[in-house]
Amino acid sequence: MHARRRTTVLAASLVAALAAGPLAAPAFATPAPTSASNSASAPPTTPTSTSAHPANGLDVDALTAALAGLPDQDATAALVRVGGTDGAWRGGAGVHDLTSAAPADPDARFRAGSTTKVVTAAAVLRLAAERRIDLNKPVQRYLPGLLDGKFQPITVRQLLNHTSGIQPGDGLGDSFEEVYAHRFDTLTPQQVAASAAAKGPEFDPGEKQHYLNINYTILGLLIEKVTGRSYASEATRLVLRPAGMRATYFPGADPRIIGPHNHGYQAVRKADGTTEFVDVTEWNQADRFAAGDMISTTADLERLLTSLFRGRIVPRPQLREMFTVPAGIDGASYSAGLQRFAYEGKVYWLKSGARYGYSALIAGTRDLGRTLVYSVNSTDAKGEDMNPVAQRIAMAALK
């Protein structure tokens, strides 16, 4: 296959795999002007890169070029880590914030979005290995009263692989201006779960696969019920600590990102046709909970990926759940916490995540022959299309 054809196919496949599922969001409405705005006129930075080990099989020029020109209209910063048997490469570009135009912090924390689900799935599987959770038992046995008689029995496994049929819970708005106005409000996971339960089932359990946060919100409540401790403390004990993820934490209702971080922005089209970049760094993510409130670093997410795939966190009998897509369901691609993505004879297991201002991805082959972790400070992180900077990074790393 010619190089241009490979690039086109990979780009289309990535958009289909990533944008259609975890990055999907409500339709964007044109917000009124806000006071917290900046222009994206900071001068582009020169990408920095290092090779921790000889990168003989990596296209370093393509990886470096993927980061060129930041900040731009699509992203204000990006941090990348590529690893595997061909060597390792680290790169970064962009700015810490648009006001100062200081260089982006290469060790920055960021909102990791739905990559949180990998940690949640691993925690549930650890508890399954300890026989504290049975994946074949209905969640109704663990959380009585949450789902009424309209729901058939839904197993823990069906929550893990998004085949539960539970509808999405309520949020704090349907457009950017609505949710931005409520960014410091607290919507609890219990409220989200109750609102989802009140809607009744979308389909019978196991009939379809529909990627939704609500499955992992309920799994977080399940972890709390069976352990008697908070989700954050158990996820830290069961996953973060064994993986060595010392810079990662769960903020709860705290809207700040504690420690070094690069600011996140949302591009907003104004009535006069111009675009302003609204700082969305501080945001209460309590409603995301076990489905997407984690704050992490690229180094920590790489530790999660490699430790998990090597069987150092979840025992191998339970680890198989993370590499098993449910059979007999048309179009299914999600396993427990991960998503299967096949390209040119290779199968990658990945998870993307997005919160306003921040996009993240972890991906790797099962044997860790190639791994990719990135954080992109996307200016439209909840848009339906894959961020162009993130797409360039993935194309350069996975080709």
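When I talk about helix axes today, I mean lines fitted to C-alpha atoms over the stretch in contact, with angles running from 0 to 180 degrees between N-to-C directions. Helices (H or I, at least four residues) and strands (E, at least two) are DSSP runs, numbered from the N terminus.

Hello everyone, and a word on the ground rules. This is a predicted model, where local features need pLDDT of at least 70 and side-chain atom pairs count only at pLDDT 80 or more, while totals for chains, interfaces and linings use all residues. Residues are numbered from 1 along each chain as its sequence is written, and side-chain values use heavy atoms, with hydrogens and water left out.

How far can we trust it? pLDDT is the predictor's confidence in each residue, from 0 to 100. The chain has a mean pLDDT of 90, with 88% of its residues at 70 or more. Over residues 1-8, though, the pLDDT is below 50, and beyond near neighbours in sequence that stretch makes five contacts (heavy atoms within 4.5 Å) in the model. Residues 19-37 are also below 50, with 50 contacts beyond near neighbours in sequence.

Now the overall picture. The chain holds 13 helices and 12 strands. Of its 399 residues, 58% are buried, meaning under 20% relative accessible area with a 1.4 Å probe, protein chains only; exposed is over 50%, and partly exposed is in between.

Let's look at one helix pair. How do helix 3 and helix 8 meet? The axes of helix 3 (residues 116-129) and helix 8 (residues 213-227) come within 10 Å and cross at roughly 40°. On the helix 3 side, the contact includes Ala121, Val124 and Leu127, and on the helix 8 side, Tyr216, Leu219 and Ile223 are among the residues involved. The two helices are therefore oblique to each other, a class left over once angles under 35 degrees (roughly parallel), over 145 (roughly antiparallel) and 65 to 115 (roughly perpendicular) are taken out.

Most residues other than glycine have a negative phi, and most peptide bonds are trans. Yet a cis peptide bond joins Leu70 and Pro71, with omega about 5°; Pro71 sits in the loop between helix 2 and strand 3. His162 has a positive phi, near 65°, in the loop between helix 5 and helix 6, and is buried at 2% relative accessible area. Leu368 also has phi near 65°, in the loop between strand 11 and strand 12, and counts as buried at 10%.
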